[in-house]
Amino acid sequence: RPALSMHAVDGLVLEDVPLNAIADALGTPTWVMSAGTLRARYRRLAAALEATGRPVSIHFAVKANDHLAVLRVLAAEGAGADVVSGGELRRAMMAGIPAGRIVFSGVGKTPDEMRLALRAGIGQINVESAEELELLSAVARAEGIDAPIALRINPDVDAGTHAKITTGLATNKFGIPYDRAADLYAHAAGLPGIRPVGLAMHIGSQITRMQPYRTAYAKLADLVRTIRSRGLAVDVLDCGGGLGISYRDETEGAPEALAAAIHAELGSLGTRLAIEPGRWLAGPAGVLLSTVILRKRGYDGMPPFLVLDAAMNDLMRPSLYDAWHGIVPLSAAGAVAPTEQVHVVGPVCESGDTFGHDRTLPHMEAGSRLALLDCGAYGMVMSSTYNARPLAAQVMVDGSRWAVIRERQEIEDLWAADRIPEWAGASLA
Ligand code: LLP
């Protein structure tokens, strides 16, 4: 997290921008993304992959952060995209990522989404089932366009991560069962409208150990040999995303180690290679700024509650996965040694609306500001308007510049699309 630093006068600074200046101008809750961090992380990942001597393309997993400015910064570095819906496909193209560098993943693509992708000239569609393959063949035939596809394989390997973000087990809905993959590939090669180009795999997210990758890639390599032994070509291997970051005390997944695993297990097969990272690129680049609404005394002998103006509707990860996010005061006075234990909560009417239990923090009270760290991936994108709370504003920082990249949602926008049928009742007004 080198982009964040604490200054005696300015308090917490992201790149060269004091975060208090942003909060003064826009209020809170506000998301802030660091363009410099995105670029630095992209370059480190690209360099690690390049060092193996075999080109590996990087398709940013748009689901992690789909803001056009974020996508543009990564596109300018050379990133392609991994998308999972027609909406993400449109976003990636709007941001300037050429369709040919976009991969379409996901277990349930609709015929409309398939048509959109084919007409745009999508680079690759990762097919996740035999059923989807038939559907795509029908759509592609009707469009008169050959669909370049990879089969996503479910290797039945445990990624060793949170159950809700593990995707490569036999019990998960993702991918094609390993033993059926070679037959399905051969079948695909004979289907009208389908042009098999390779195989894909994604075993889960927030993976910090390399062994699951190694095991999965070794199985992938075996499958390539089996398919080739039947006289079929496998030209592309999509190695998925999942590289983890350090939220608390985990060891961050090292790009160099991932590159080495890819190279060792798959490097000699002579295919083109690709990965689909989301969190590793974007997570550490974002923070969520919030203000303490009030400090609420608890039962005697229990920690007080700091009630924030940010809530689970903004950052859902703690309530959904019991995820841990760092919490840091914005003011320099807050940089003094942590002195007390508090529960940090939001104002939403659920006990799950908690950002941290028993956190040891410097003294904070109503009006104190703080930053929730590592929110650049799966933060804003998972926000909702639950409790009729408008979506927070978004800012991008780049060196000493900053700009609003999304206005705070207006309250009126919350019901702008609501319609009241005449029979719902007469207005009492
Ligand atoms: N490729 C595919 C096919 C995926 O399903 C995912 C993430 C990725 C790539 C990117 O994975 P990453 O590099 O970001 O780990 N909302 C959860 C994470 C869900 C991940 C879903 N799939 C969270 O906040 O932890």
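Q: Say a residue is near a molecule or strand if its C-beta atom, placed from the backbone, lies within 6 Å of it. Which residues are the closest to the ligand?
A: Ala61, Ser205, Gly241, Gly278 and Tyr378 are the closest, in a shell of 22 residues around the ligand. This is a predicted model, where local features need pLDDT of at least 70, side-chain atom pairs count only at pLDDT 80 or more, and totals for chains, interfaces and linings use all residues. Residues are numbered from 1 along each chain as its sequence is written.

Q: What classes are in that shell?
A: Nine residues of the shell are nonpolar, eight polar and five charged. (Ala, Val, Leu, Ile, Met, Phe, Trp, Tyr, Cys and Pro count as nonpolar, Asp, Glu, Lys and Arg as charged, and the others, Gly among them, as polar.)

Q: Which helices supply at least two residues each?
A: Helix H10 (279–282) and helix H11 (317–321) do. Helices (H or I, at least four residues) and strands (E, at least two) are DSSP runs, numbered from the N terminus.

Q: OK, domains. What does the assignment give?
A: Domain 1 covers 4–33 + 284–415, and domain 2 covers 35–282; the bounds come from an automatic or database domain assignment. Each of the two gives at least three residues to the shell around the ligand.

Q: How far apart are their centres?
A: The C-alpha centres of domain 1 and domain 2 lie 33 Å apart.

Q: What does UniProt place at 38–282?
A: An unreviewed UniProt entry has the feature "domain: Orn/DAP/Arg decarboxylase 2 N-terminal" there. UniProt positions are in the numbering used here, feature names are shortened, and annotations may be inferred rather than shown by experiment. The span is 42% helix and 17% strand, and its end C-alpha atoms lie 6 Å apart.

Q: Switching to helices: how do H2 and H9 cross?
A: The axes of H2 (residues 35–50) and H9 (residues 255–266) come within 8 Å and cross at roughly 30°. Axes are lines fitted to C-alpha atoms, for helices over the stretch in contact, and angles run from 0 to 180 degrees between N-to-C directions.

Q: Who makes the contact?
A: Arg44, Leu45, Ala48 and Leu49 of H2 meet Pro255, Glu256 and Ala259 of H9. Five of these contact residues are nonpolar, none polar and two charged.

Notes: Contact = placed C-beta atoms within 7 Å.
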